[in-house]
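Thank you for making time this morning.

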Amino acid sequence: MDTYTNGVHVGYSVLFLLVFSLCNLGLSHRVHVSIKNSLGNGKIMNIHCQSKDTDLGQQNVTDGNQIGWDFSPNAWGTTLFFCDLDWQNVQQYHFDAYSYQRDFARCEDQCSWLISTEGMYGFNGKTGFWEFMYYWPS
């Protein structure tokens, strides 16, 4: 091999290692989503959450308890977990529990939801405050 060919070969090797390292760094980032039942008065909420690839199944969450799961957002920034929720006063409410576009900056590695009788609150990790996100349909 001549010097030029060696230089090109080394350049491609460095580029490959850089791309591999960046992809590996992105895939190692973990996010925890939690959804807490704060409906009060012993109310049970039924919730079914899933993504395109992962179905977390139907779960009944008693008052004061929560469900949660961990995952790594995909390298394309399109990760989406959505849920269908119902309880005594609300039937089949659909919401996005984690949307990369909405939550990457707001949640980073912890995305928390609070289900109350007036609606849903999401915790903003940047501000440190619970924000009212969704009203129940009337």
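Before we look at any residue, a word on burial: I call a residue buried under 20% relative accessible area, exposed over 50%, and partly exposed in between, using a 1.4 Å probe and protein chains only. Please keep in mind that this is a predicted model, in which local features need pLDDT of at least 70 and side-chain atom pairs count only at pLDDT 80 or more, while totals for chains, interfaces and linings use all residues. Residues are numbered from 1 along each chain as its sequence is written, and side-chain values use heavy atoms, with hydrogens and water left out.

Let me give the overall layout. The protein chain has two helices and nine strands, where helices (H or I, at least four residues) and strands (E, at least two) are DSSP runs numbered from the N terminus. Along the sequence they follow the pattern α-β-β-β-β-β-β-α-β-β-β, and of the 138 residues in the chain, 30% are buried.

Now to the rings. Rings of Phe, Tyr and Trp (for Trp, the six-membered ring) pair if their centres lie within 6.5 Å, and planes under 30 degrees apart count as stacked, over 60 as edge-to-face and the rest as tilted. By that rule there are 13 aromatic pairs. One of them is Tyr93 with Phe95, a stacked pair with 6.4 Å centre to centre and 25° between the planes, and both of these residues are buried. Trp113 and Tyr134 are also stacked, because their ring centres are 6.1 Å apart and their planes lie at 25°. Since Trp113 belongs to strand β7 (residues 110-116) and Tyr134 to strand β9 (residues 129-135), this pair ties together parts that are 21 residues apart in sequence. Trp113 is buried, at 1% relative accessibility, whereas Tyr134 is partly exposed, at 22%. Ring pairs link Trp87, Tyr93, Phe95, Trp113, Tyr134 and Trp136 into a cluster.

What lies over the face of Trp113? Arg106 does, at 5.0 Å from the ring centre; the rule here is that NZ of Lys or CZ of Arg must be within 6 Å of the ring centre and within 35 degrees of the ring normal.

Arg106 brings us to helix α2 (residues 100-107), whose buried residues are Asp103, Arg106 and Cys107. Seen down the axis of α2, these fall within an arc of 75°, so they line one face of the helix; the arc is that of the directions from the helix axis to the C-beta atoms. Their cover includes β6 (90-99), β7, β8 (119-124) and β9. Just after α2, Glu108 takes a positive phi of about 55°.

Finally, the core. A nonpolar core is a set of buried Ala, Val, Leu, Ile, Met, Phe, Trp, Tyr and Cys residues joined through side-chain atoms within 4.5 Å. The largest one has 26 residues, of which Val33, Ile35, Ile47, Trp69 and Phe95 touch the most other members. Strand β6 gives this core its largest share, five residues. Leaving aside neighbours within four places in sequence, Val33 is in contact (heavy atoms within 4.5 Å) with residues including Ile67, Trp69, Phe71, Ala97 and Trp113.
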